[in-house]
Amino acid sequence: MADGAPLAVTPDRAPEESARFSLASAVQRREVWLSALALVAFLAGWEWGPPLLGIAPYNIPRLSAVFEEGVHMWVNGELLRHTLITCFEVIVGFGLGCLMGAVMGYVLGMSRLMEVVASPYILALQIAPKVAFAPLFVMWFGYNITPRILTAILIVFFPVLINVLTSVRSVDPSMIDLARLFKATRAQIFWKIEFPWSLPALFSGLRIGATLAVIGVTVAELVGGNVGLGAELAKAEGGANTAGVFVTIILLTVIGILAYVLVILAERAVLRYAPQRPAGDIAG
Amino acid sequence: MLRLSFKEVSRFFPPVRGRTGSEGVLAVEGVSIDIADGEVVALIGPSGCGKSTLLNLASGLDRPSQGEIFVDGEPVSGPNEHVAFMLQKDLLLPWRTIRKNVEFGQEIRRMDPAQREERAQKFLHRYHLDGFANHYPHELSGGMRQRAALARTMMMDPDVLLLDEPFSALDAQTKMVLQQDLAQTVAEEKKTAFLITHDLVEALALSDRVLVMSRRPGRIIEEIPVDIPGRDDPMRRRQHEKIGPMTARLMSLLDIGKVEQTV
């Protein structure tokens with residue numbers, strides 16, 4: 001998706017260049033075809049593979065069974081409502097987690113003292129498996145959406161904080177000197193140098209956070225409550241409804257993909273100036 | 001009238017605590033320089049002799065350990081609007097267009113936006129950047145980027161230009177074109193400039209006087225007036241018959257050829 005491959009092919013180019021481009025587009029066409037072929041093979045394998053291999057439907061239901069179950073849950077259950085509730089939790093948890101992580105990152109990045117005081121706790125919390133806090137939050141706040149949002153906040157917070165902190169620390173000091181020469185105030189240095197400088201790193205943090213938010217929400221939903229896709233997943237599991245489990249997993253994945261794509265689109269809109277960014281820097 | 005003056009300036013960088021073998025560095029010692037209004041003075045010296053330290057002191061980013069520096073007769077106690085800096089690195093902000101980069105200094109000083117834009121337009125035009133106002137720095141060549149940095153510097157209308165090897169990252173031809181642009185601007189606007197360079201011919205082509213600095217701790221060991229006409233036309237000045245012998249003199253002062261250069 002985010003690979004820098006030239007998608008637009010301009011027809012009126014110099015001969016050798018257009019030859020090179022049509023070659024590139026031929027390669028691309030082949031890639032598209034192969035991808036489509038692989039998808040069809042995968043779906044066909046899911047549909048006809050399990051019975052052929054003698055795998056029981058309660059282990060891996062056929063694709064059509066999963067689809068039927070999805071329709072069933074949509075019509076008879078409240079699949080849409082559960083999906084929207086999970087989406088809401090992901091959005092709120094992601095938003096608050098990013099905001100808090102970013103603010104904390106900038107504060108620590110600009111204050112050596114704060115960083116020294118806070119870093120042991122940050123390190124400890126960063127190593128702690130954040131989803132393990134989900135049961136605790138459920139004990140505190142009960143079977144509602146608060147524990148889900150809190151878990152998402154907690155899990156999103158750190159990658160954003162670390163990314164922002166590291167990049168604020170790495171600002172080219174001569175750029176700061178340049179601003180100081182013009183007698184910039186501390187606030188001007190932040191808003192005109194440090195903040196824009198850190199934006200690419202902030203967005204790498206947001207990209208990681210987008211997928212982590214879904215994990216946090218899902219785990220907290222599994223722990224307790226009866227609304228949300230995680231709760232539906234637990235219910236299906238309790239009823240030995242394997243197809244239902246697959247339905248919720250697929251929907252959770254779709255939510256994760258959507259969140260990730262939205263972050264990428266926002267990043268492209270904000271970082272218009274940037275030269276092509278490498279594709280695989282998800283780990284940021 | 002003296003625009004820039006160093007009075008017995010020394011700068012000692014204390015040892016870094018906790019680092020073994022760190023003794024501190026006396027970068028420059030007892031340096032006195034007077035630069036009159038409209039004068040262009042070049043400073044050459046071996047690598048690491050404290051040339052850039054002097055510029056940092058003049059700009060107010062750094063403070064001397066001893067002595068004092070005056071700009072327009074006022075002691076320098078921090079960055080001030082009389083001086084502007086231009087470095088080897090263009091320091092264009094990658095997230096700003098060229099126009100916004102050129103406006104950067106005046107934006108910080110809160111110049112009225114309409115006036116600022118008009119002024120930026122003028123400087124973009126003067127440095128042949130009209131077509132690139134809305135480009136981002138990474139889309140420009142090194143020479144154009146440095147011209148944008150020059151436009152940003154001149155936007156501030158400084159009395160004194162501090163130039164720290166401004167052209168050393170450029171290829172030979174681009175360098176000559178930019179030297180020409182700079183020399184003409186300085187002559188037309190009657191600016192005072194203090195130029196640090198490694199390039200001996202550049203020093204001779206652009207300045208009224210060349211100061212030679214010793215190895216660390218840096219002291220001024222020689223002052224050579226450049227009595228060649230045409231300071232506003234370095235392209236012609238480069239070809240003057242005196243340039244050869246004067247370069248040779250500078251080389252011998254810097255021990256180039258005798259000792260291997262550690263650049």
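A: A word on terms to begin with: the domain bounds used here come from an automatic or database domain assignment. Keep in mind, too, that this is a predicted model.

Let's take chain B. Its two parts are domain 1, covering 1–82 + 160–263, and domain 2, covering 91–157. Between the C-alpha centres of domain 1 and domain 2 of chain B there are 25 Å. Where the two domains of chain B touch, domain 1 brings ten residues and domain 2 brings eight. On the domain 1 side of that contact, helix 5 (residues 172–188) of chain B gives the most, with five residues. Sort that domain 1 side by class and you get seven nonpolar, two polar and one charged.

Now for a pair of helices in chain B. Helix 3 (residues 113–126) and helix 4 (residues 142–155) of chain B pack with their axes 9 Å apart, at an angle of about 135°. That angle is why helix 3 and helix 4 of chain B are oblique to each other. Their crossing is right-handed. From helix 3 of chain B, the contact uses B:Arg119, B:Ala120, B:Phe123 and B:Leu124, while helix 4 of chain B answers with B:Ala151, B:Met154 and B:Met155. Counted by class, the residues of this helix contact come out as six nonpolar, no polar and one charged.

Next, the strands. Chain B has an open sheet of six strands, in the order 6-7-8-3-9-10, and its pairing is mixed. Strand 6 (83–87) and strand 10 (220–225) of chain B are the edge strands, each pairing on one side only. Going from one strand to the next, the twist averages 15°. Look inside the sheet and you'll find strand 3 (residues 40–44) of chain B paired with strand 9 (residues 209–213) of chain B, in the parallel sense and over four bridges. To pick out a bridge, B:Ala42 has B:Val210 of strand 9 as its partner.

Finally, chain B has a neighbour. Its contact with chain A takes 15 residues from chain B and 14 residues from chain A.

Note on methods:
Residues numbered from 1 in each chain as written. Chains lettered and ligands numbered in written order. Predicted model: local features only at pLDDT ≥ 70, side-chain atom pairs only at ≥ 80, totals over all residues. Axes fitted to C-alpha atoms, helices over the stretch in contact; angles between N-to-C directions. Helix = DSSP H or I, 4+ residues; strand = E, 2+ residues; numbered from the N terminus. Parallel < 35°, antiparallel > 145°, perpendicular 65-115°, else oblique. Left-handed = near helix turned anticlockwise from the far one by under 90°. Contact = placed C-beta atoms within 7 Å. Nonpolar A, V, L, I, M, F, W, Y, C, P; charged D, E, K, R; others polar. Pairing = 2+ DSSP bridges.
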